[in-house]
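Subject: Structure handover and notes

Dear colleague,

Please find the structure below, with the sequence alongside. My notes come after it, and I would be glad if you read them with the model open.

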Amino acid sequence: SVIFHSFNQIKQNGKVKLFRSHKEGFEDGEQLRDFIYVKDVVKVIFWMMNQSTIQDEQSKANNTFTSGIYNLGTGTARTFNDLVNATFSALKKESNIMYIDMPDDIRDKYQYFTEATMLKLKHAGYTEPFTSLEEGVHDYVRNYLAAEKYY
């Protein structure tokens, strides 16, 4: 949704608003999230579905895929600045970010860093690389948002 909202802000006024940092050690827009492209989520789910249907005695013996709850992300946190800059880049526009105060009611609850631990998925045998933030944003902006293909 950050890309969607950024895209619309760029279309409307040529800039994107991000929250100013209210935590020491984090610059404005440098709050970190483990952004994952939805196409990668679908790939992992499809892989898991296939693993659960083809799991046999050999895979059980090799301690590969087992059902359960898995974290899903890329395993690499990136900044909101990175995400918004990639959105501007996909539109072939110069970045223009305006930092606004975070609402008081969420300041003390806001998470400045999230990053998925991917060891369980890797131990289950998943080896596919994840789409880079820049590639995912470019694909989504150019082939869906700019093309007005909202599903």
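The notes go from the whole chain to single elements and residues.

This is a predicted model, in which local features need pLDDT of at least 70 and side-chain atom pairs count only at pLDDT 80 or more, while totals for chains, interfaces and linings use all residues. Residues are numbered from 1 along each chain as its sequence is written, and side-chain values use heavy atoms, with hydrogens and water left out.

The whole chain

The protein chain has seven helices and four strands. Helices here are DSSP runs of H or I with at least four residues, strands are runs of E with at least two, and both are numbered from the N terminus. Their order along the sequence is α-β-β-α-α-β-α-β-α-α-α.

The radius of gyration of the protein chain is 19 Å, whereas a compact globule of 151 residues would have one near 15 Å. That radius is taken over C-alpha atoms, and the globule rule is 2.2 Å times the number of residues to the power 0.38. Along the principal axes, the C-alpha atoms fill a box of roughly 60 × 40 × 20 Å.

Buried residues make up 32% of the 151 in the protein chain. Buried stands for under 20% relative accessible area, exposed for over 50%, and partly exposed for what lies in between, with a 1.4 Å probe and protein chains only. The accessible surface of the protein chain is about 9,800 Å², and carbon and sulfur atoms hold 51% of it. Areas come from the Shrake-Rupley method with a 1.4 Å probe, and for residues only the protein chains shown count as cover.

Among contacts in the protein chain with a separation of 6 or more, 82% are between residues 24 or more positions apart. A contact means heavy atoms within 4.5 Å.

On charge, the protein chain carries 18 positive and 20 negative side chains, with the centres of the two sets 6 Å apart. Lys and Arg are counted as positive and Asp and Glu as negative, leaving out His and the chain ends. The charge is placed at NZ of Lys, CZ of Arg, CG of Asp or CD of Glu.

Strand β1 covers residues 16-19, and its side chains alternate. β1 runs parallel to strand β4 (residues 97-100), and four bridges join them; two strands pair if DSSP finds at least two bridges between them. Opposite V16 stands I97 of β4.

Helix α4 and what surrounds it

Helix α4 (residues 80-90) is mostly covered, with eight of its eleven residues buried. Those are F80, N81, L83, V84, A86, T87, F88 and A90. They pack against α1 (2-13), β1, β2 (32-33), β3 (78-79), β4 and α7.

On the α7 side, E134 is found in that helix, which spans residues 133-145. E134 touches R78 and A86, not counting residues up to four places away in sequence. Its C-alpha lies 7.6 Å from that of L83, at 51 residues' distance in sequence. E134 is partly exposed because its relative accessible area is 38%.

On the α1 side, F7 is found in that helix. F7 has 3% relative accessibility and therefore counts as buried.

Loop residues

K92 lies in the loop between α4 and β4. Its phi is near 55 degrees, a positive value in a residue other than glycine. K92 counts as exposed because its relative accessibility is 69%.

D34 lies in the loop between β2 and α2 (38-54), and counts as buried because its relative accessibility is 14%. Leaving aside neighbours within four places in sequence, D34 is in contact with G73, T74, G75, T76, A77, T114, E115 and A116. The C-alpha atoms of D34 and N81 are separated by 13 Å, the two being 47 residues apart along the chain.

Y70 is found in the loop between α3 (57-61) and β3. At 16% relative accessibility, Y70 counts as buried. Its C-alpha is separated by 32 Å from that of P103, 33 residues away along the chain.

Regards
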